[in-house]
Amino acid sequence: MTTDNTQAFTLTIADNHIAWLTIDVPGESMNTLQASFVEGVSAVLDQLEGNQSIKGLVIHSGKPDNFVAGADVRMLEACESAEQASEIAGQGQALFSRIEKLPFHVVAAIHGPCLGGGLELALACHSRVATDWDKTRLGLPEVQLGLLPGSGGTQRLPRLIGVPDALDMMLTGKQLRAKKAKKLGVIDDCVPNTVLLDVAEALAQKSKPKRSRTWQSWMLSGNSVGRNLVFDQAGKKARAKTRGNYPAADAILAVVKKGLDKGLKTGFAEEARQFGELVMTPESKSLRSDTQATTLSNADVVVEAVFEDLSLKHRMVQEMESITSKDAIFATNTSSLPIHQIAEGSQRPEKVVGLHYFSPVEKMPLVEVIPHQGTSDKTISTVVELARKQGKTPIVVGDSAGFYVNRILAPYMNEAARVLLAGETIEHIDNALLDFGFPVGPITLLDEVGIDIGAKIAPILTQELGKRFEAPDVFDVLLNDDRKGRKTGKGFYRYDASKKGSKGKQVDKKIYSLLNIKLNASLSGHEVAQRCALMMLNEAARCLDEGVIRSARDGDIGAIFGIGFPPFLGGPFRYMDHIGIERVVSLLQAHQNRYGERFAPCERLLAMAKEGDVFYPDTE
């Protein structure tokens, strides 16, 4: 056995003539690709190309929990021109092409994150094997930094898995678990970590696989109209999300299409050119600046607020941990993703905590602090103090679906929708809850929050918490009619920005026929308000019973400051004390008999009614 050490890369040739290239960047917890590695990697490739006794090569990581997490974007900050950045991309392309052209079978053995340049490296190999570990993720997330994959990814991925799936991966930056990656064809096998290297070695001993030519028909048997349709649809979908503010999406589409139309050589050249141009855009510089260590290395707490995507949250955790101190806290702003799932992407889960701000952030005083089971007490106390310094009122809530505020809000909103479907008018429902004391009615609130947001959250709550959270079957009908609420100009109401006050917001009468509603007013305003509010009261008591909130006081503060529960009623718990727990149970049971099991009073309320208890005994 012979060994050669070259910077972050160690080449070992075993007695069976299988070569092993180990990637282990010194002094770093995660492997990243850096421009300074070019000379060393080139030297390793010289050895591989010159050794005719080698029968196969396995490329793997020396780190215990990651393959290659991507390129180190800090090297781009030294670029003073698009040409310099293009040269970096060209160097990566050249090295990976040399790997691809090696005469023996090259296998990537992947355990842990394999992202960006890491996946581009793996794509240059002839085969890829990944572990079934949950933290093994594969993706090309460059678009999230205002860039495109610059080391051949835009050309190799479409040829490997087809254009539609490749565009979806690159335009969204999504990260795939190994089983999904295998299903799409990104990897060839998914195995336990205990046998990863054995499987990779056995594969490397086999002949190089022949490249499939099916990609040449990449859609609809080479029909140009079909090809253009694929790119047109992908472009429309991307622009609907980016609104033209993220040039990387258009660049990815153009580069992929040019490479497939004109060939690999042209595709690589265009990829490098557009990569260089994107590096110099203000959009990319702004997105990359958020990851720089010259601002975060000394941070005590990092608060992120990227969109609700678990794989993106994992990437943020990993990037932050690579450039912050070991004591830094990672606080994630999320309204629906479980914190313990986000913490699974962390090497320091005790430092991960949820911070749920409410919109508009500058006006809403509440923030939910959400520790998962492994969050340390010090992390919790630090973040609570941070929230107070921000002028917020923090409450600590449990890491369960919906946390506290959204959990008590959902059944209230669902019941308002059921009242609507039963034939009450939109104005009557909203006015009834305004009279009860809420600052806005529930139908208006759904328009303000976004019908699409409600459609996304409802299934999560139902899956985690049961049938009582099932929303009425209206979301798909509304979304298919492009009704997302105020942001699209129509939902249950129609909005006219050119008109002021109430004239700019009118009930859209078409909603009744669209939802097959036959207007049949039968409930008084008091009955409507009581029916909706009871669902919120019951769920609030259940949250206290389950430990989602620590006290009735926290529950009242959260409801008043988070969703505008009438302050003069004192919050859900003080309100229940005021009208009497026995009376609350009686009302719930009456509604249960009339409307169904979702109104069944929770165990906490039943027990309190039996014992004559209250939530605030010290105020009696």
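P566 counts as buried because its relative accessibility is 0%, where buried means under 20% relative accessible area, exposed over 50% and partly exposed in between, using a 1.4 Å probe and protein chains only. The structure is a predicted model, in which local features need pLDDT of at least 70 and side-chain atom pairs count only at pLDDT 80 or more, while totals for chains, interfaces and linings use all residues. Residues are numbered from 1 along each chain as its sequence is written, and side-chain values use heavy atoms, with hydrogens and water left out. Helices (H or I, at least four residues) and strands (E, at least two) are DSSP runs, numbered from the N terminus.

**Confidence**

- The pLDDT, which is the predictor's confidence in each residue from 0 to 100, averages 89 over the protein chain, and 94% of the residues score at least 70.
- Confidence in the protein chain is highest in strand β5 (residues 105-110), at 98, and lowest in strand β1 (residues 2-6), at a mean of 43.
- Residues 1-6 have a pLDDT below 50, and beyond near neighbours in sequence this stretch has 17 contacts in the model, a contact being heavy atoms within 4.5 Å.
- Residues 213-221 also have a pLDDT below 50, and this stretch has 13 contacts in the model beyond near neighbours in sequence.

**Surroundings of P566**

- P566 is found in the loop between α22 (552-563) and α23.
- Not counting residues up to four places away in sequence, P566 touches F436, G437, F438 and G571.
- From C-alpha to C-alpha, P566 and R542 are 20 Å apart in space, and they are 24 residues apart in sequence.

**Aromatic rings and charges**

- Ten aromatic pairs are found in a search of the whole structure, where rings of Phe, Tyr and Trp (its six-membered ring) pair if their centres lie within 6.5 Å, and planes under 30 degrees apart count as stacked, over 60 as edge-to-face and the rest as tilted.
- The pair of F436 and Y575 is edge-to-face, because the ring centres are 5.8 Å apart and the planes stand at 85 degrees.
- This pair links distant parts of the chain, with F436 in helix α16 (residues 426-436) and Y575 in helix α23 (residues 572-579), 139 residues apart.
- Both F436 and Y575 are buried, and they belong to one aromatic cluster formed by Y412, F436, F438, F565 and Y575.
- The rings of Y595 and F599 have their centres 6.0 Å apart and their planes at 45 degrees, so this pair is tilted.
- Y595 counts as partly exposed at 22% relative accessibility, whereas F599 counts as buried at 0%.
- The charged end of R531 sits over the ring of Y595, 3.9 Å from its centre, a charge sitting over a ring if NZ of Lys or CZ of Arg is within 6 Å of the ring centre and within 35 degrees of the ring normal.
- The charged end of K505 sits over the ring of Y493, 4.4 Å from its centre.

- Five of the five residues of strand β7 (residues 127-131) are buried, so β7 is largely enclosed by the rest of the structure.
- In a regular strand the side chains alternate between the two faces of the sheet.
- Both faces of β7 are covered, with S127, V129 and T131 buried on one side and R128 and A130 buried on the other.
- β7 pairs with β5 in the parallel sense over four bridges, strands being taken to pair if DSSP finds at least two bridges between them.
- A130 in β7 stands opposite I110, and the bridge partner of A130 in β10 is C190.
- Three bridges join β7 to strand β10 (residues 189-191), and these two strands run parallel.

**Two open sheets**

- β11 and strand β12 (residues 329-332) pair in the parallel sense over four bridges, and in β12 the bridge partner of E304 is T332.
- Another open sheet has three strands in the order β6-β8-β9, again with mixed pairing.
- β6 (114-115) and β9 (175-177) stand at the edges of this sheet with a single partner strand each, so one side of each is left without a neighbour in the sheet.
- Strand β8 (residues 137-139) is joined to β9 by three bridges, and the two run antiparallel, with Q175 in β9 as the bridge partner of G139.
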